[in-house]
Amino acid sequence: MPQAKLAQLSQALEQRAAQQLLRVPVTLERYDGRLLVVAGKSYLNFSANDYLGLATEPQVLQAFAEGAARFGAGSSGSPLVTGQHAVHQQLSDSLADWLGVERVLLFSSGFAANQAMLLSLSNKTDTLLLDKLSHASLIDAALHSEAGLKRFAHNDIAALQNLLGRVSQPMVVTEGVFSMDGDSPDLPAMLALCQRYDAPLLLDDAHGLGVLGPQGRGTAAAQGLSQSALFCTMANFGKALGSGGAFIGGSKTVLDYIEQFGRHYIYSTALPPPLCAAVLKSIELCRADNWRRDKLYSNIVLFRTLAADLALLNSQSAIQGVVLGSSERALAVSNQLKQQGIWLSAIRPPTVPQGSARLRITLSAAHTADDITLLVQQLRQVL
Ligand SMILES: Cc1ncc(COP(=O)(O)O)c(C=O)c1O
């Protein structure tokens, strides 16, 4: 065993633990959206991204099972070799039709899709302009790309304009709903600015798709924009659509290019076909039924009304944050809530900036009004 390397790794782990930053995976014994069971104890779940409750929706589960029986458990190859089955094509077509884009490519995860999007579309003459609070997958992709990288203050159009005027060949990257703060940029203003500087606008809508806009078409639609006005959009299936995997959608030229040059697309096994069948069913339900979104929105309004006296972040989305500052405090509060039967993970650096450890509360259509009332009562007690 190479002792020096192992000692280095152990030291880094000990340091993380000493800083209260060690992450410990939790094994769920049961999950039904609203409740989860860990080590034999049931908790009200306010930590999942299953905003519409589709991860356990019986019609989605049935589509998954039928997909497996029809197409097999795995895709058997990368999409450009033998991995593309009829159900992948159906899913791509359904996404393109739902969002009003010319073409869609599927990816094994949102992380991989963001890598492919930024690494393939930018080159060394470009400058990527990313929001300060961008997701790790976007930051890593930008750092690994040949392009230059600049960050602008969170959702700050004036700061973006200042950068746009100073860099060469800018490409602007933002998120529909920010994963830790739950807020959104002013996309029409951002798009107008991008058009003025001839800069492509790339959107990660992981937390907007399914939840926002008519038929759940996402943040751009919710803000009155046509999806085709954006250079391309990435969103994943592991949040509101309840399963896993991701896609990039946009014009034929952009997607044809990613198909040829996106290494995370070319050199990776295509999504399992049953998963595609399940996502197809989730999209059908998302488009046809408003009641899940209506229920989610009445839960968000109820939560924000009942918790108006708590120091909530300014978010109208399913992601609600209470910043507590230190990691120790966030962990202690999260543990106290667990003792009261509420599962609410503490989010600590480096996921959020230093000094802004927090509770990240995610609301779902699966919650009842009583669940929300109980959550706020318990929050008030522990805070
Ligand atoms: C904004 C955002 N982008 C990308 C990802 C990565 O997606 P996935 O979990 O499918 O890899 C996530 C989720 O973790 C996210 O919140």
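This is a predicted model: local features need pLDDT of at least 70, side-chain atom pairs count only at pLDDT 80 or more; totals for chains, interfaces and linings use all residues.
Residues are numbered from 1 along each chain as its sequence is written, and side-chain values use heavy atoms, with hydrogens and water left out.

**The domain interface**

- The protein chain splits into domain 1 (20-49 + 290-382) and domain 2 (58-288), with bounds that come from an automatic or database domain assignment.
- Contact (heavy atoms within 4.5 Å) links 18 residues of domain 1 with 20 residues of domain 2.
- About 1,300 Å² is buried between the two domains, 51% of it on carbon and sulfur atoms; buried area is the accessible area (1.4 Å probe) that two parts lose on being put together, summed over both.
- Asn49, Arg293 and Ile319 supply 40% of the area that domain 1 buries against domain 2, more than any other three residues.
- The domains share 1 salt bridge, meaning a side-chain nitrogen of Lys or Arg within 4 Å of a carboxyl oxygen of Asp or Glu.
- Asp181 and Arg358 form a salt bridge through their side chains, at 2.7 Å from N to O.

**Glu57**

- Look for Glu57 in the loop between strand E3 (41-45) and helix H2 (58-71); helices (H or I, at least four residues) and strands (E, at least two) are DSSP runs, numbered from the N terminus.
- Glu57 counts as buried because its relative accessibility is 13%, and the cut-offs are under 20% relative accessible area for buried, over 50% for exposed and in between for partly exposed (1.4 Å probe, protein chains only).
- Its side chain reaches the backbone nitrogen of Gln59 at 3.0 Å.
- Leaving aside residues up to four places away in sequence, Glu57 touches Leu285 and Arg292.

- Most residues other than glycine have a negative phi, and most peptide bonds are trans.
- Ser76 has a positive phi, near 80°, and is exposed at 59% relative accessible area.
- Gln169 also has a positive phi, about 40°, and is partly exposed at 45%.
- From Pro349 to Pro350 the peptide bond is cis, with omega near 5°.

How values were computed: A polar contact is a pair of N or O atoms within 3.5 Å; within protein, one must be able to donate a hydrogen and the other to accept it, and residues adjacent in sequence count only if both atoms are side-chain atoms.
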